Amino acid sequence: MYPEYMVAPIREDLTSCGFEQLMTAEEVDQALKNEGTVLLAVNSVCGCAASKARPALKMAVSASDKKPAKLVTVFAGMEQDAVAKAREHMLPYPPSSPSIALFKDGELVHMIERYHIEGNELHRIVDNLKGAFEAYC
């Protein structure tokens, strides 16, 4: 676990643009089992989250005509029960942070794992997300 003062600005990077921070396993279940589309970001303190994942999320959401109805996030290394529950919903994909998952009507329909983020260019991650929004939202 990281000190809250350290992660507060990292959380705010997403919550300030419309992502809801999920703190418990129950909140995760409730958010992901809803009808409609939900974009889930597994946030992290790592460099690829700061330089690619969070910027790509914000750019894709702001630039897309079609976008998920709900934006949510959990923080790896912090609220362990919430993160564990989110990762259950992302099976069969292995735990990965950062990562991004799109759900439609409670089903996982698109997944971006860490290796898709850290080894990729920002515009490609944005295009990947925009394509998923177009297909499923």
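Guide: Let's start with a term: a residue is buried under 20% relative accessible area, exposed over 50%, and partly exposed in between, using a 1.4 Å probe and protein chains only. This is a predicted model, where local features need pLDDT of at least 70, side-chain atom pairs count only at pLDDT 80 or more, and totals for chains, interfaces and linings use all residues. Residues are numbered from 1 along each chain as its sequence is written, and side-chain values use heavy atoms, with hydrogens and water left out.

Visitor: Why is lysine 66 called partly exposed?

Guide: Its relative accessible area is 37%.

Visitor: Where does lysine 66 lie, and what is lysine 66 in contact with?

Guide: Lysine 66 lies in the loop between helix 3 and strand 3 (70-75); helices (H or I, at least four residues) and strands (E, at least two) are DSSP runs, numbered from the N terminus. Leaving aside neighbours within four places in sequence, lysine 66 is in contact (heavy atoms within 4.5 Å) with Phe133, Glu134 and Cys137.

Visitor: Lysine 85, then: why is that one called buried?

Guide: Lysine 85 has a relative accessible area of 19%. Buried means under 20%, so lysine 85 counts as buried. You'll find lysine 85 in helix 4 (residues 80-89), touching Ala25, Val28 and Asp29 if you don't count residues up to four places away in sequence.

Visitor: How do you know how many disulfides there are?

Guide: A disulfide here is a pair of cysteine sulfur atoms within 2.5 Å, and by this rule the count is zero. Take cysteine 48: the nearest cysteine sulfur, from cysteine 46, is 3.4 Å away, and cysteine 48 is in no disulfide. Cysteine 137 is in no disulfide either, with the nearest cysteine sulfur, that of cysteine 17, 16 Å away.

Visitor: Are those two cysteines buried or partly exposed?

Guide: Cysteine 48 has 9% relative accessibility, so cysteine 48 counts as buried. Cysteine 137 has 26%, so cysteine 137 is partly exposed.

Visitor: What makes a set of residues a nonpolar core?

Guide: The members are buried Ala, Val, Leu, Ile, Met, Phe, Trp, Tyr and Cys residues, joined through side-chain atoms within 4.5 Å. The largest one here has 22 residues, and helix 3 gives the most to this core, with seven residues. Leucine 57 is among those with the most contacts inside this core.
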